[in-house]
Amino acid sequence: MATVPDASGRFGPYGGRYVPETLMAALDQLASAYADARDDSDFRDELDYLLRQFAGRPTALYFARRLTDAWGGARVYLKREDLTHTGAHKINNTVGQALLAVRMGKRRLIAETGAGQHGVATASAAALMGLECDIYMGTEDMRRQRLNVFRMRAMGARVVGVSSGQCTLKDAINEAMRDWMATVETTHYCFGTTAGPHPFPTMVRDFQLVIGHEARRQVQEQEGCLPDAVIACVGGGSNAAGIFTAFLQDQAVQLIGVEAAGKGIASGQHAATLSAGKPGVLHGSLSYVLQDEAGQTLPVHSVSAGLDYPGVGPEHSYWKDNGRVRYTSATDTEALEAFCELARTEGIIPALESSHALVEARKVAPTLEKRQVLIVNLSGRGDKDVEEVARLLGDEMRPGGRA
Amino acid sequence: MNRVDAAFRRLRREGRKAFMPFIAAGDPNLDVTAAVLRTLQDRGLADLVELGVPFSDPIADGPTIQASYQRALAAGVTPQAVLDTVGRLRAGGLNLPICLMVSYSLVYRPGVPAFVEHAAAVGIDGLIVPDLPVDESGPLAEILSSADMAHILLVAPTTPPGRRKTILSHATGFVYCVSVTGITGERDAFPPGFEEYVRGVKKAAKVPVCVGFGISRPEHVAAVAQLADGAIVGSAISHRIADNAGGAPAKIAREVADLCQELSAPLRS
């Protein structure tokens with residue numbers, strides 16, 4: 001398999017840099033600072049130290065025995081990113097980018113956030129390194145992920161509400177980009193996913209690759225073999241890219257990405273970019289995107305604020321086209337059921353984002369034999385979601401309870 | 001020769017600097033846009049016009065132009081409809097040079113050749129694609145060149161000298177010199193180092209240099225005229241349209257023209 005991206009940040013036809021000229025010098029600076037850092041053992045050692053001692057890595061690869069019994073097929077493992085400091089895989093990336101910001105002499109971090117997990121992880125990394133921090137968040141997301149707003153503020157970040165468009169993740173990215181346009185000389189934009197202009201898709205993937213490296217080693221230790229399938233949810237696609245990349249060369253390992261089908265793809269109220277979108281340009285890269293015929297971004301919907309996004313990382317578009325990863329989707333209702341099932345069966349409350357991956361795992365597991373192995377990337381914990389789930393399902397939190 | 005090159009040639013001959021209003025197309029509807037363009041031509045108040053195509057996610061624009069685009073999108077204005085309006089105005093005798101300010105999202109989706117072909121057919125003279133840096137613009141540049149349309153590139157205060165040289169060697173029509181490190185919007189004053197920066201661009205450029213972002217008062221226009229070949233005014237006009245959005249097209253057009261007269265006065269004296 002060819003190595004992607006190329007020097008200009010292309011994954012096949014996808015990726016690139018579609019941003020105002022004002023940002024180009026900063027992207028060049030970032031790409032070169034990242035290339036230097038990647039080859040610098042001091043940087044790698046410091047990152048490794050922080051991932052262990054601060055973020056709590058490695059995370060467990062947990063054999064979910066009761067879930068395996070319930071589903072009656074493959075042996076189901078959960079890669080426990082929910083156990084990291086701040087509660088999701090996002091911290092892997094923010095610690096790396098905050099170190100880079102310091103290396104570049106930038107004293108301020110800005111970030112967008114949807115579910116609030118990337119915002120919390122950025123706020124945490126900023127506090128750790130004594131950097132100023134502003135987080136852009138759609139006002140609808142501030143409502144449905146209220147707990148994360150408090151967490152960001154507690155760690156000294158300023159949370160800026162964005163009330164344009166649908167007041168969700170896409171709009172938060174627009175505002176963060178506008179901030180960066182004016183502050184680019186002193187501020188690092190700590191982008192949260194494998195989308196955006198080069199070098200973000202590559203750099204964020206690389207920082208998240210720790211998930212896949214650990215999972216690959218752990219499954220070999222625990223099962224003596226590679227998994228038959230690896231399943232992850234895909235919004236922008238960072239947790240999926242992080243785990244998939246470690247298994248890309250192992251053609252026998254099925255890789256499955258799960259997007260948010262919202263109220264069903266046919267309803268038009270979804271965020272299943274790869275399943276229902278077309279190639280286009282959004283937020284700095286060429287990739288699949290949900291747009292109308294003219295190229296205007298379409299409104300999207302998902303119960304999960306982290307997946308509620310009309311774009312996707314360019315490398316996922318590349319994997320979709322070359323067939324290495326199969327992309328599917330899960331509806332809001334299915335995700336809520338999976339949320340409840342994991343909580344009751346294993347005593348683990350998953351993030352609504354990760355619940356989408358569980359929906360597909362539940363479908364795939366029974367089709368595999370009992371000796372086969374399936375890994376679900378449990379990208380985050382669901383503490384942030386309990387209020388919203390209670391609102392949707394009723395205080396008893398049973399699927400069908402209210403929604 | 002296309003209208004952009006012809007306009008700058010005439011301006012140079014007359015020893016004048018260009019005044020270039022930016023109009024967000026379709027704000028609050030396309031009848032207003034048509035009336036504004038006709039009035040600007042009739043009163044001789046614009047040397048060139050920059051026509052903004054409403055886009056859902058304009059990351060280089062401040063609140064004023066974002067709001068203009070939102071009003072236009074809410075009125076159902078599409079890129080197709082903007083181009084069709086220009087086509088009708090050309091048929092009715094509009095002869096102003098018109099450059100389209102359009103996001104690459106909107107150019108890419110229907111296909112670059114198809115978009116440019118449509119724009120050329122209705123009489124658009126050049127494209128400014130603010131989110132398509134020179135590094136990615138090869139395919140578009142080629143198609144624009146064969147359609148005899150200007151490919152207007154931007155330079156920013158953050159552009160390093162080597163990069164600036166590359167941009168200036170590819171720009172045709174004019175080069176859009178972004179006055180500030182930031183987004184569009186009315187500002188009180190130019191940032192520190194502004195004069196030196198614009199002089200640097202002007203010295204290195206073979207095409208005319210026009211300055212935009214933050215220009216909203218006659219004294220700004222006067223200052224730019226000392227340094228460059230033209231001044232671009234956007235948000236101040238959008239602001240004026242917003243203030244009069246409920247009015248009849250002719251009334252809004254008169255308001256915009258009056259504002260342009262005031263802003264361009266330093267160039268006519």
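Helices, of at least four residues, and strands, of at least two, are taken here as DSSP runs numbered from the N terminus. In these terms, chain B of this predicted model contains twelve helices and nine strands.

The overall form of chain B may be described first. Along the principal axes, the C-alpha trace of chain B extends over about 45 × 40 × 35 Å. Of the 269 residues in chain B, 60% are buried, and among the contacts in this chain with a separation of 6 or more, 71% are between residues 24 or more positions apart. The accessible surface of chain B amounts to about 10,100 Å², with carbon and sulfur atoms contributing 50% of that area. Chain B carries 26 positive and 27 negative side chains, and a distance of 6 Å separates the centres of the two sets.

In chain A, four strands are arranged as an open sheet with antiparallel pairing, in the order E1-E2-E12-E11. Strand E1 (10–11) and strand E11 (278–282) of chain A each have a single partner strand and stand at the edges, so that one side of each is left without a neighbour in the sheet. The pairing of E1(A) with strand E2 (residues 14–18) of chain A is antiparallel and rests on two bridges, and within this part of the sheet A:Phe11 lies opposite A:Tyr14 in E2(A).

The peptide bond from A:Arg57 to A:Pro58 is cis, with omega near -5°, and A:Pro58 belongs to the loop between helix H2 (41–53) and strand E3 (61–63) of chain A. A cis peptide bond also links A:His198 and A:Pro199, with omega about 10°; A:Pro199 is located in the loop that runs between strand E8 (187–189) and helix H9 (200–223) of chain A.

A:Met397 is situated in the segment after helix H15 (386–393) of chain A and is partly exposed, having a relative accessible area of 22%. B:Asp148, in turn, occupies the loop between helix H7 (138–146) and strand E5 (150–152) of chain B, and with a relative accessible area of 44% B:Asp148 is likewise partly exposed.

Methods
Residues numbered from 1 in each chain as written. Chains lettered and ligands numbered in written order. Predicted model: local features only at pLDDT ≥ 70, side-chain atom pairs only at ≥ 80, totals over all residues. Heavy atoms only, no water. Buried < 20%, exposed > 50% of the residue type's maximum accessible area, 1.4 Å probe, protein only. Contact = heavy atoms within 4.5 Å. Areas by Shrake-Rupley, 256 points an atom, 1.4 Å probe, with all protein chains shown as cover. Lys, Arg positive; Asp, Glu negative; His and termini not counted. Charge placed at Lys NZ, Arg CZ, Asp CG, Glu CD. Pairing = 2+ DSSP bridges.
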